[in-house]
Amino acid sequence: MSKDLLKNWAMPENAALVLEGGGSRGVFTAGILDYFMERKLYFPYVVGVSAGACNALDYASDQPGRSRDTFIVREKELRSISFGNFIKTGYFYNMDRPFNEFPYKTFPFDFDTFKNGGMKCEMVVTNIRSGKAEYLSDNKDNDRILDICRASSTLPLMAPFVYLDGGLYMDGGLSDSIPYGRSIMLGYKKVVVILTREMGYRKKLKSKTNELVKRVYKNEPMLVKACIKRPKVYNRQLDILERLEREGRVFVIRPTEKPVGRIEMNTDNLDRFYQHGYNTGVEIYDEMMDYLSSAV
């Protein structure tokens with residue numbers, strides 16, 4: 001398989017794609033990316049967080065429909081979250097299912113295209129000891145590729161830490177929920193950001209959750225600090241992003257219909273939100289391409 005297989009020669013080299021997380025809301029992003037792949041539109045660089053990291057992998061491997069199928073799991077016995085898993089392990093999420101069973105068996109992941117397609121794919125993780133974001137990638141080791149994505153997607157209180165590269169990691173959204181700053185720092189001048197929340201959304205402080213986090217992770221003070229600070233940091237990110245959007249420096253895509261919940265189990269609702277993502281991709285495509293082709 002040749003290098004640069006996915007490269008779209010009409011796409012400027014200085015273009016980056018940034019994918020927010022949001023659990024089940026990631027199905028909106030899946031719909032947009034499926035349309036992009038249908039149009040053979042591939043960014044040279046993509047960075048994703050949590051559910052956005054899962055979307056990034058499937059986009060970089062050119063697998064339209066795979067993210068949709070892993071977000072909208074119709075067979076109850078294949079779903080990753082269950083009370084039964086909590087009884088067995090103390091955690092609601094069975095992370096082995098999406099990051100071991102699915103990619104190797106149920107919904108095979110195309111490692112060859114991911115490694116050789118020519119797209120740079122980074123995933124955001126949070127270092128438990130420092131509480132800081134790290135931006136990891138791999139195009140050689142199958143298991144490590146999945147472990148990075150698993151770490152990026154591991155929510156506090158819902159699943160155990162991920163041991164990776166000699167350290168412990170968790171949800172990238174705790175430290176950098178919308179990594180457009182990472183893209184700009186790397187020198188990308190054209191940045192497209194896909195959000196999974198509607199315009200004007202801001203996070204609210206959750207004091208009860210904070211108290212639980214303090215108790216459960218009492219031996220990880222930097223993780224606790226990252227969890228408590230997250231709403232303020234996230235809201236500040238949105239403030240800056242909306243200013244950059246008004247200035248024409250970034251292109252933001254967001255839902256205009258009511259998003260599903262983070263843990264949405266109703267497949268009809270998920271189908272609707274996926275279709276909203278696909279339709280949004282169709283609607284914004286020409287405007288986005290004008291932005292990408294305009295002078296910096």
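**Cavities, pockets and helix contacts**

Author: Searching the whole structure turns up 4 cavities of 30 Å³ or more. The model is a predicted one, in which local features need pLDDT of at least 70 and side-chain atom pairs count only at pLDDT 80 or more, while totals for chains, interfaces and linings use all residues. Residues are numbered from 1 along each chain as its sequence is written, and side-chain values use heavy atoms, with hydrogens and water left out.

A cavity is a set of points, on a 1 Å grid over the protein atoms alone, where a 1.4 Å probe fits but cannot get out; a pocket is an open set with protein on both sides within 12 Å along at least five of seven lines; and lining residues have an atom within 4 Å of a point. Points are joined across faces, edges and corners, and the volume is the space filled by probe spheres set on them.

The largest cavity holds about 680 Å³ of space. It is lined by 33 residues, and Thr70, Phe71, Ser80, Tyr93 and Pro98 are the closest to its centre. At least two lining residues come from each of helix H2 (51-60), helix H3 (66-71), helix H5 (96-106), helix H7 (142-152) and helix H11 (267-293); helices here are DSSP runs (H or I, at least four residues), numbered from the N terminus. The lining comprises 20 nonpolar, 8 polar and 5 charged residues, where Ala, Val, Leu, Ile, Met, Phe, Trp, Tyr, Cys and Pro count as nonpolar, Asp, Glu, Lys and Arg as charged, and the others, Gly among them, as polar.

For the second largest cavity the volume is about 110 Å³. Its lining has 17 residues, with Glu20, Gly21, Gly22, Arg230 and Arg262 closest to the centre. By class these are 4 nonpolar, 6 polar and 7 charged.

The largest pocket has a volume of about 650 Å³, and its lining has 10 nonpolar, 2 polar and 8 charged residues.

H10 also gives the largest share of the lining of the second largest pocket, 5 residues. That pocket contains about 220 Å³ of space, and its lining divides into 5 nonpolar, 3 polar and 3 charged residues.

Contact (heavy atoms within 4.5 Å) is made by Ala53, Cys54 and Leu57 of H2 and by Ile145, Cys149 and Ser152 of H7. Of these residues, 5 are nonpolar, 1 is polar and none is charged.

H2 also packs with helix H1 (residues 26-38), at about 20° and with 9 Å between the axes. H1 and H2 are therefore roughly parallel, the word for angles under 35 degrees.

Terms used: Axes fitted to C-alpha atoms, helices over the stretch in contact; angles between N-to-C directions. Parallel < 35°, antiparallel > 145°, perpendicular 65-115°, else oblique.
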